[in-house]
Amino acid sequence: MDAASMDKLRAADRDTVVARATLGPEARSAIADATTVPQLIAVLAGSGFLVEAARCFAHALPKREAVWWACMCAQSSTPATLAEPDRKAREAAETWVRTQTEADRYAAMALAEQVGFQTPEAWAAVGAFWSGPSIAPEAMPANPPAPHLTGVAVAGAVTLASVRGDPAHRLMRLERYLGAARDIAQGGAGRLAPEESS
């Protein structure tokens with residue numbers, strides 16, 4: 001994964017991503033010589049820091065692409081028993097990615113609130129809402145979200161998706177999710193095939 005191929009990460013500042021991803025001392029030590037975001041993600045993933053690499057992607061991708069990634073991760077681990085409101089929350093986030101309208105952004109948050117912020121789908125929808133420009137109620141003066149909040153929501157969605165059902169699948173899922181994030185960073189769709197039911 002070279003920097004030239006990761007166009008969607010070009011605007012990401014290395015030190016900002018590291019700070020927002022709240023990396024621990026061991027992970028920070030591993031990336032001491034990595035000077036770009038693609039390099040630090042590659043080093044983290046190669047050193048077994050998969051959760052940390054995922055958090056860096058969540059904060060490094062542009063907000064729209066990050067929310068899409070959260071949706072793809074959530075969709076890939078969707079159980080047959082997924083509640084309809086959760087499915088609608090993910091679909092609302094996907095709709096916002098496609099339309100970028102304020103109505104769809106607020107609709108995503110309304111569905112996240114309805115399902116209680118317990119699932120990857122809900123956090124993907126929160127990520128859409130926190131992408132701004134305002135988190136105030138629609139009739140109120142604008143209140144811009146903190147710039148790191150989308151990444152926080154996306155990281156939460158990806159982490160929850162990785163442990164859903166059987167947490168023993170976490171590392172396998174994270175490897176797949178990182179592959180999807182790389183594809184998105186290179187301009188692809190990052191689509192993930194649904195998991196086989198066991």
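# Briefing: helix packing, cysteines and backbone features

Arg164 makes contact with Ala74, Ser77, Thr78, Pro79, Leu82, Pro120, Glu121 and Arg173, leaving aside residues up to four places away in sequence. The model described here is predicted.

**Arg164 and its setting**

- Arg164 belongs to the loop that runs between α9 (149–163) and α10 (170–185).
- Its relative accessibility is 14%, so Arg164 counts as buried.
- Among the residues that Arg164 touches are Pro120 and Glu121, both of which are listed with the buried residues of α8.

**Helix α8 and its cover**

- Helix α8 spans residues 120–129 and is mostly covered, with nine of its ten residues buried.
- Those buried residues are Pro120, Glu121, Ala122, Ala124, Ala125, Val126, Gly127, Ala128 and Phe129.
- The elements that cover them include α5, α6 (84–99), α7 (102–115) and α9.

**Packing of α5 with α9**

- The axes of α5 (residues 63–76) and α9 come within 8 Å and cross at roughly 15°. Because angles under 35 degrees count as roughly parallel, α5 is roughly parallel to α9.
- The crossing in which α5 passes α9 is left-handed.
- On the α5 side, the contact involves Lys63, Ala66, Val67, Trp69, Ala70, Cys73 and Ala74. On the α9 side, Thr150, Val154, Ala157, Val158 and Ala161 take part.
- By class, this contact of α5 with α9 comprises ten nonpolar residues, one polar residue and one charged residue.

**Packing of α4 with α10**

- Helix α4 (residues 50–60) packs with α10 at an angle of about 30°, and their axes are 10 Å apart. This angle makes α4 roughly parallel to α10.
- The crossing in which α4 passes α10 is left-handed.
- From α4, the contact is made by Leu50, Val51, Ala53, Ala54 and Phe57. From α10, the contributors are Arg170, Leu171, Leu174, Glu175, Leu178, Ala181, Arg182 and Ala185.
- The contact of α4 with α10 divides into ten nonpolar, no polar and three charged residues.

**Cysteines**

- The count of disulfides is zero, where a disulfide requires a pair of cysteine sulfur atoms within 2.5 Å.
- The closest cysteine sulfur to that of Cys56 is in Cys73, 15 Å away, which is too far for a bond.
- For Cys73, the closest cysteine sulfur is in Cys71 at 9.3 Å, also too far for a bond.
- Cys56 is buried, with a relative accessible area of 0%. Cys73 is likewise buried, with a relative accessible area of 0%.

**Backbone features**

- In general, most residues other than glycine have a negative phi, and most peptide bonds are trans.
- Thr22 is not a glycine, yet has a positive phi of about 45°. Thr22 is placed in the loop between α1 (14–20) and α2 (25–30) and is exposed, with a relative accessible area of 54%.
- Gln100, also not a glycine, has a positive phi of about 60°. Gln100 is placed in the loop between α6 and α7 and is partly exposed, with a relative accessible area of 40%.
- Gly132 and Pro133 are joined by a cis peptide bond, with omega of about 15°. Pro133 lies in the loop between α8 and α9.

Key. Residues are numbered from 1 along each chain as its sequence is written. This is a predicted model: local features need pLDDT of at least 70, side-chain atom pairs count only at pLDDT 80 or more; totals for chains, interfaces and linings use all residues. Side-chain values use heavy atoms; hydrogens and water are left out. Buried means under 20% relative accessible area, exposed over 50%, partly exposed in between (1.4 Å probe, protein chains only). Helices (H or I, at least four residues) and strands (E, at least two) are DSSP runs, numbered from the N terminus. Contact means heavy atoms within 4.5 Å. Axes are lines fitted to C-alpha atoms, for helices over the stretch in contact, and angles run from 0 to 180 degrees between N-to-C directions. Angles under 35 degrees count as roughly parallel, over 145 as roughly antiparallel, 65 to 115 as roughly perpendicular and the rest as oblique. A crossing is left-handed if the near helix is turned anticlockwise from the far one by less than a right angle, and right-handed if clockwise. Ala, Val, Leu, Ile, Met, Phe, Trp, Tyr, Cys and Pro count as nonpolar, Asp, Glu, Lys and Arg as charged, and the others, Gly among them, as polar.
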